[in-house]
Amino acid sequence: MIITHTGQHLELLSEAAVFLKEHSTLILADVHLGKAATFRAHGIAVPDGDSAYDLHRITQLLLKTQAQQLVIAGDFLHSPEGTFPELTEWLAHCPAHVSLVIGNHDQRTLPRLSLDLKTLPSLVMGNLEIIHDPAEASANHFSICGHIHPVIHIKDSQRTSIRSACFHLRENVLTLPSFGTFTGGQVIQPQPNDRFFIPLNDRVVEIPQRQCIFRKK
Amino acid sequence: MANFSAVSPFFKARGWKPFPFQKETWQAYRDGKSGLLHAPTGLGKTLAVWLGPVAEALESQETQGCKVLWITPLRALSQDTQKSLQEPLEDLGLKIEVGIRTGDSTAYQKAKFNKKLPFCLITTPESLSLFLTHENFRENLAGLDAVIIDEWHELIGTKRGVQTELCLARLRQWFPKIRTWGLSATLGNTKEASEVLMGKNDKDAVIISGAAVKKVQIKTILPKSMDRFPWSGHIGTQLVPQVAKLLEKKETTLLFTNTRSQTEIWFQELLEHHPEWKDELAMHHGSLDREERNLVEERLREGSIRCVVCTSSLDLGVDFSPVSQVIQIGSPKGIARLIQRAGRSGHQPGGTSKLYCVPSNAFELVEFAAARDAILEKKIEARLPLQKPLDVLVQHLVTVCIGEPTSAQDLRHEIQSTYAYRNLDEPEWQWALEFITIGGKALANYPGFKKVIEKDGKLTVEDKKLIQLQRLSIGTIVSHSNVSLTYQSGRKLGSVEERFISRIPVGSVFIFGGKHLELVRIRNQKATVKNASKTAKGKIPVWAGSRMPLSNELSHAVAQRLKADAQDTPEMKLIAPILEIQRAWSLLPHDEMILIEYVSIREEHHLFLYTFAGRLVNEGLGSLIAWRINQKADLLIQITMNDYGFSLTSNDHLPVEEDIWRELLSTDRLLDDLIACMNTAELARRQFREIARVSGLVLQQLPKRGGGPRDVQTSASLLYEVFSRYDSDNLLLEQARREILDNQLEFTRLKITMNDLITRPIHLQRCDRLTPMAFPLWADRLQAHTQGQDAATRLEKMLTSLENAAE
C-alpha cells in the first residue's frame with residue numbers, strides 16, 4: 001500500500017517495513033537481534049533461531065525491493081549479553097548500504113561490538129527524518145520511527161476482536177511495527193485523526209478508526 | 001492407650017475433655033507414625049497434632065533446636081496459627097518458641113531465621129522452598145521431628161501441593177525418621193490425599209477421622225414471587241430485605257458471597273437498608289489490606305459485630321466461635337465448600353450448623369435443593385492430585401542444586417519418591433536435566449545457555465546473579481497485575497487489578513472496601529485516592545478469576561433433581577412454574593437424554609445443548625463441536641458455556657439434523673480432534689503463561705532497583721510461538737497441552753461424558769424464543785470465545801463488509 005504524506009510516497013510493506021522508491025531506501029525498526037541469546041545468558045532457556053531468520057528476512061526484502069540503502073530506525077541489537085556472531089558475516093555480504101539510527105537498546109550494546117556499520121543519532125532525507133523514539137520527532141519534519149512496537153485491537157464483529165501489529169500514523173509521525181520475530185507489542189490508544197495500517201496476507205490495509213478499540217494487555 | 005497426663009493440665013484448665021480422635025492422634029504420633037487427620041473445621045485438629053510434639057518436649061525437656069515445621073497454605077493464617085499453637089504452652093509451663101517465616105516477614109526476622117530456627121517454625125510452601133536454597137538450612141534443622149501440613153485439602157490438586165511434595169522429599173532425604181502429619185477437611189478421596197502427602201513412605205501412615213459429623217441445617221431464603229425473579233445473573237440483591245431480616249437478631253452472622261465484587265455490592269445494599277448498622281457491618285475479602293482484615297477478624301472473635309460480608313477469604317483458618325449463623329449468597333458451587341462454610345457456625349459441642357442459602361437466579365434454587373441431597377448422601381468432591389508437572393520440577397531442581405549440590409542420580413531417586421513424580425520416565429528426566437544445564441537439546445538451538453553446572457559429579461549453581469534470580473522467582477502462584485490503593489496520607493487500603501483501575505479516569509469515583517473513593521493519580525503500581533461524597537455514584541471493581549465451575553457431584557445432583565421433577569422441597573415448589581415454561585416451550589433436560597434447542601434471534605443462529613457436566617467439560621465440548629462443524633463448513637462460531645450446557649452462535653446456519661449431531665458427538669478421534677481444536681482455540685497458549693512463569697522463563701516481581709534484567713522481559717505467548725517454531729518437541733509445550741486436557745477441559749470427565757452422551761436419545765427442538773434454560777447462556781454471550789477461521793480470514797471478511805456497506 002502506498003500512502004502519500006507531505007509529498008513523500010511511502011510504500012508500506014506487509015513484512016513490517018517501509019520502502020521509499022525515490023530514495024531507493026528500505027526502512028525498518030526494532031529487530032532486537034540476540035534477544036533469545038540474552039535470555040540464555042540469564043539462565044532462561046529460550047531456543048535460538050529468530051535472529052538468523054530475521055536477518056534472512058531482511059535480505060529477502062532487500063532483494064525483492066532492490067533497495068540500495070537500508071535504514072534501521074533503532075534497536076537493531078537487543079543487549080550486550082546477546083552477542084550474535086553471524087552478524088559481522090551478514091553485514092559483509094549485505095546487498096545494500098546499511099545505516100543504523102541508534103536506539104536505546106543499541107546504545108548499550110554497540111560499544112561492546114566492533115561492527116562495520118554506519119551509526120547516527122538520526123537521518124534526514126529532504127523533509128523526512130528517521131529517528132528511533134517518536135517522542136523526539138521534530139515539528140518541521142515528517143518522521144519515521146520505531147521504539148513503540150505499536151499494536152491495535154480490531155473489532156471484527158459484535159463481540160470479537162483481533163490483535164495485530166500495525167503502522168501508526170499520528171500527525172507527522174509514522175511509527176513502524178517491530179520487525180523482529182521475538183518482540184512483543186504495546187497497544188495504542190487511538191486518538192482522533194490517527195490512522196492505522198496492518199499487514200494482511202501479502203498486502204497492507206488501512207483499518208478504519210472506528211474498528212479499533214483500546215484494550216490494555 | 002498411653003497416658004497423656006503431660007498435656008492434661010491444659011484440658012483441665014479449660015474444663016474440656018479430649019475427643020477420641022485427638023487421643024488417637026497423640027498415640028500414633030508417639031508411636032513414631034505419620035498420618036492424615038481429617039475433620040470439619042473447629043473440632044480441634046490443630047491441638048490434636050500439635051500436642052504430640054508438645055508432650056514429647058515436656059517429657060524430654062528438649063526445647064532448643066527446630067523440632068517442628070508447620071506448613072500453612074496462606075501466609076495470612078500464620079499469625080492465627082501462631083496464637084493457637086502458643087495457647088496451650090502457658091498452661092503447660094513449657095517455654096518453647098513458635099516463629100513465623102513467610103514472604104511478609106521483616107528482613108530482620110528473615111536474617112535471624114537463616115542463622116537459628118525456633119522450636120516450631122510456621123511457614124508457607126514458597127518460603128520452605130526458599131529455605132532450601134540456603135546451604136546452612138540442613139544444619140539448622142538437625143533434630144527435626146515432624147513436618148505438619150495444615151489445610152492439605154487446599155494444597156492437594158495444585159502446583160503448590162506438588163511443590164510441597166518435593167520439599168518433603170528433600171526433608172525426608174535429609175532426615176529419614178521425620179513424621180509427616182497432614183490436616184485436612186474431609187474429601188471424597190481421603191486415602192489418596194494421604195498417599196500423596198506421604199509419597200513412598202506411606203506404608204505406616206495412619207488416617208484418622210474426626211468426622212463426628214456436626215449436624216447441618218440448610219434453609220433457602222425463598223423469593224416471595226417468581227414473577228420477577230431473574231433467570232440468570234449472580235448478584236441477587238432482590239432478596240436483600242429478607243436477608244436483612246435475618247440479621248435483625250443481634251447475633252454474629254457470616255455472609256458468604258462467591259466473588260469480591262458481590263461482596264462490595266451486598267455490603268452497600270445492606271447498608272442502604274439499615275444505615276444505623278454502619279458500625280456493625282464489616283467486609284472481608286482478599287484484596288483488602290491485611291490490617292483491615294485483622295481488625296475484622298478481631299471483632300469477630302470478640303463477637304462485637306453483627307455481620308461480616310466475605311468471600312472465600314474466610315473459608316480457611318481458625319475459628320470465630322461466636323458465629324451463630326451463616327448465609328450463602330448465590331450458587332454453592334460445591335458440596336465440600338458448602339459444608340465448610342456451614343461449619344463456621346454452631347461451634348458448641350453438639351451444636352448444629354445453620355446455613356441460609358440465598359439464590360441469585362432461579363436455577364440456583366435447584367442447586368440448593370440438590371446440594372442438600374448430596375450432603376445427605378455424603379457425596380463429597382475429591383481433590384485430584386497433579387501428575388508430574390515439569391515446570392514445578394525444573395524450578396525445584398534448580399532450587400535444591402543451589403542449596404546443596406547433589407548428583408543427578410541421587411536427585412532422581414529423591415524426586416521419584418514423591419507421588420507426583422513416581423512415574424517420571426527416562427525421556428522426561430533427561431529433558432528436565434537438559435533444561436536446567438544446557439537449556440534444551442544438546443548442540444542445537446541453545447548456545448550460550450548457563451544455569452546449573454556439574455562440579456565433582458554434583459549439580460550446582462555458582463553464578464550469584466542466577467542464584468538471586470532463582471530466589472526471587474520461587475513459587476507457583478501466578479498473580480494478576482495488581483495496583484495498591486492508598487490514601488494521600490499514605491494509609492493503605494488494599495489492592496485492585498490494574499485492568500480495572502487503568503480504566504477509571506482520574507477524578508472519577510469507585511467503590512472499594514465499602515468506601516466511596518475518588519481517584520487522585522496512578523503512579524508506579526500505586527493508586528492514590530481520597531474519600532468521595534457518599535452520594536457519588538461509583539463503579540465497583542471486577543476482579544478476574546472469580547468464575548468457579550460447579551463440581552461434578554453437584555452438577556450430577558442437579559440433573560437428578562430435574563429428572564425427578566418432584567415438588568418435594570420448598571425450592572422445587574417455587575421453581576415449578578419456570579420448569580413448566582421450559583417444558584411448554586421445549587423439554588425439561590436431564591442427564592439421560594440430549595436436548596438441543598435452536599433459536600434464531602436478530603439474524604443470529606443459536607444452538608443450546610445441555611450436558612450437566614460442569615463448566616469445564618462444556619467448554620471443551622463446545623470447542624470440539626464448533627471445530628468439527630468447521631471441518632465441513634467455514635463459519636465463525638461463538639461458544640458460551642455454563643455448568644449446565646453450552647451454546648453455539650453463528651451468523652450462518654448451524655446443523656440441526658440428528659445424524660449430523662451423532663457424528664459431531666462421536667468419540668472417534670476424540671483426543672486428536674481435541675488437540676487440533678485446542679490449537680485453534682489458543683487454549684494451550686493461555687495455559688503457557690503459568691508454565692512459563694513456574695519454569696522460570698518469564699520473570700515475575702523483579703525488584704526495580706539496580707540494573708535488573710530488564711532485557712529479559714517477554715510475554716508467555718511470544719515465548720510459546722518461539723518454542724513452537726524452534727523447539728517444538730520441548731516438553732513444556734507438551735505440558736501446556738496436557739494441562740489443558742487434564743485440568744482445564746477435564747479430559748477424563750469429558751471422555752466419560754461423551755461416552756455417556758452417545759448412548760442417550762437426541763431431542764432436537766426448534767424454539768420460538770429463548771427458554772429458561774437457554775436464557776442464562778444467551779445472557780453470558782459477552783464472555784464467549786470464538787472458534788473457526790483464522791484472524792486473516794476474519795479481517796478480510798470485515799473489510800469486505802465495510803466496503804459493501806460504504807457502497
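Predicted model: local features only at pLDDT ≥ 70, side-chain atom pairs only at ≥ 80, totals over all residues.
Q: What else describes how α2(B) and α3(B) cross, and which residues make the contact?

A: The crossing is right-handed, and the two axes come within 8 Å. On the α2(B) side you'll find Phe21(B), Gln22(B), Thr25(B), Trp26(B), Tyr29(B) and Arg30(B). From α3(B) come Leu47(B), Ala48(B), Val49(B), Leu51(B), Gly52(B) and Ala55(B). Sorted by class, this contact has 8 nonpolar, 3 polar and 1 charged residues.

Q: What makes α15(B) roughly perpendicular to α21(B)?

A: It's the angle again. The axes of α15 (residues 363-376) and α21 (residues 552-564) of chain B cross at roughly 110 degrees and come within 8 Å. The perpendicular range runs from 65 to 115 degrees, so α15(B) and α21(B) get that label.

Q: Why is chain B called as compact as a globular protein of its length?

A: For 807 residues the globule rule gives 28 Å, and the radius of gyration of chain B is 28 Å, so the label holds. As for the rest of chain B, there are 31 helices and 26 strands, and the C-alpha trace spans about 85 × 75 × 60 Å along the principal axes. Of the 807 residues, 48% count as buried. Take the contacts in chain B between residues at least 6 apart in sequence: 76% of them join residues at least 24 apart.

Q: How do you know that the radius of gyration of chain A agrees with a compact globule?

A: Same kind of check: with 217 residues, such a globule would have a radius near 17 Å, and chain A has 17 Å, so the two agree. The C-alpha atoms of chain A fill a box of roughly 50 × 40 × 30 Å. Chain A comes to 4 helices and 18 strands, and 49% of its residues are buried. Among its contacts between residues at least 6 apart in sequence, 67% join residues at least 24 apart.

Q: Why is Lys95(B) counted as exposed?

A: Lys95(B) has 11, so it counts as exposed. You'll find Lys95(B) in the loop between α4 (78-92) and β3 (98-101) of chain B. Its C-alpha is 9.5 Å from that of Leu58(B), 37 residues away in sequence.

Q: How many residues does each chain bring to the contact between A and B, and what makes up the chain A side?

A: Chain A brings 30 residues and chain B 42. On the chain A side, the largest share is 6 residues from helix α1 (residues 35-41) of chain A. By class, that side has 14 nonpolar, 10 polar and 6 charged residues.

How values were computed:
Residues numbered from 1 in each chain as written. Chains lettered and ligands numbered in written order. Contact = placed C-beta atoms within 7 Å. Helix = DSSP H or I, 4+ residues; strand = E, 2+ residues; numbered from the N terminus. Nonpolar A, V, L, I, M, F, W, Y, C, P; charged D, E, K, R; others polar. Rg over C-alpha atoms; globule rule 2.2 N^0.38 Å. Buried ≥ 20, exposed ≤ 12 C-beta atoms within 10 Å, placed from the backbone. Axes fitted to C-alpha atoms, helices over the stretch in contact; angles between N-to-C directions. Left-handed = near helix turned anticlockwise from the far one by under 90°. Parallel < 35°, antiparallel > 145°, perpendicular 65-115°, else oblique.
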